[in-house]
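Hi everyone, thanks for coming.

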Amino acid sequence: MAYSTFTLPCGLRILHRPSPTPVVYCGFVVDCGTRDELPQESGMAHYLEHLLFKGTRHRRAWHILNRIEAVGGDLNAFTQKEETVIYAAFMSEHFQRAAELLTDIVFQSTFPQREMDHEIEVVCDEIDSYQDTPSEQIFDDFEDLIFHGHPLGRNILGSPHSLRTYRTDDVARFYQRYYQPQNMVFFLHGSIPFQQVVSVMDRLLGRLQFPQWSREQRTSPPPYRAQRQKEQRGTHQAHVMLGTRTYPAGNPHRTPLYLLNNMLGGPGMNSRLNLSLRERRGLVYTVESNLSSYTDTGVFSIYYGCDAHDVDHCLHLCQKELEQFMEHPLTPQQLRAAQKQIKGQIGVSLDNFENTMIDTAKAYLHYGVVETIDDIFQRIDALTPEVIQETARELFQEDGLSLLEYV
């Protein structure tokens, strides 16, 4: 089904996708993440996301949590490097209730100090849990390695020391800087008619006053240079990441890299890295490659965990797979098989309405376009072995790969 869009007088963009399902998914995607923090605001975007649920001009924390939960719905949020998402899932008859609550917490939060003092312990526990899991921490540490000194390399959670210094006024300043209607998209997937969505959101936001506002420009990362780093962690298993910077989300070269990444270490058990390191040799339990895209850059990475004495052997095998893509173009049969697999995976993933709608809303937030599955499939079908090999040669040269090892 087609998407519909509308921009309210206050500047809020609305993205709507009709669906006969009785469950509605809706919320706000805010163009604000970890990379928008000033040096003295480490962890602020994520901390603010937690505090949105701790009190508004009309509700206390318990009333916020109970409003959707009481009718069997789900209220949630998460923070990334460039976006914060606040959303809900509920039965369609509760749309008015959900829209009013989401609008209240996104635009009317007050950040009471007593709630901040309580929530800081929750966030610090989250940080401790994260630091106890090297297979997760290495992903952020790898981005710090290749974006060192730039906000994109900043840890999303921040540090307990910094977070304990923040007061209501500090959070409110950050909030006023980014939580403005012109800086976000309201999305909805479900059976609520488009005109009703527009009418309800116009009424809710028409009651509020917003200041004159303009978006601060983000600073692009400095030129990339490959880095190598080894850390002694003393854990039973070694953790390794290998990768490089890549294309931003809107770059057309991202499509062949998307296919390459899926063939190399995507979710399929038949990925080349999984076959080489796990199935044939039993060297790892987990090996994967990942592609993260931002508005002005991106990250390609390979992760694996293995016994410490197998680190170099696994690294050699990973580099060997990369060299295969650089030195040998795909045959027509290999390309068709890879295209068929990734299109099937995309088709299956669309059944997850929540994630699909959030991803579509992010693209609309940053680029003002709504891409359909047919658009994506057309780009995949247009790929050639030559284009894929050229992409591999551009990105996979060994002297351009950064390496981070926990041993």
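This is a predicted model: local features need pLDDT of at least 70, side-chain atom pairs count only at pLDDT 80 or more; totals for chains, interfaces and linings use all residues.

Residues are numbered from 1 along each chain as its sequence is written, and side-chain values use heavy atoms, with hydrogens and water left out.

Let's begin with helix α9 (residues 254–265) and helix α15 (residues 385–395), which pack at an angle of about 85° with axes 9 Å apart. Helices here are DSSP runs of H or I, at least four residues, numbered from the N terminus; axes are lines fitted to C-alpha atoms over the stretch in contact, and angles run from 0 to 180 degrees between N-to-C directions. So α9 is roughly perpendicular to α15, a label for 65 to 115 degrees. Who touches whom? From α9, Pro-256, Leu-257, Leu-259 and Leu-260 meet Val-387, Ile-388, Thr-391, Ala-392 and Leu-395 of α15, contact being heavy atoms within 4.5 Å.

Next, the axes of α10 (residues 272–279) and α11 (residues 311–327) come within 10 Å and cross at roughly 150°. These two are therefore roughly antiparallel, the term for angles over 145.

On to the rings: Phe-28, Phe-107, Phe-186 and Phe-210 form one aromatic cluster, with rings pairing if their centres lie within 6.5 Å. Finally, Arg-233 lies over the face of Tyr-406, 3.8 Å from the ring centre; the rule asks for CZ of Arg within 6 Å of the centre and within 35 degrees of the ring normal.

Definitions and conventions: Angles under 35 degrees count as roughly parallel, over 145 as roughly antiparallel, 65 to 115 as roughly perpendicular and the rest as oblique. Rings of Phe, Tyr and Trp (its six-membered ring) pair if their centres lie within 6.5 Å; planes under 30 degrees apart count as stacked, over 60 as edge-to-face and the rest as tilted.
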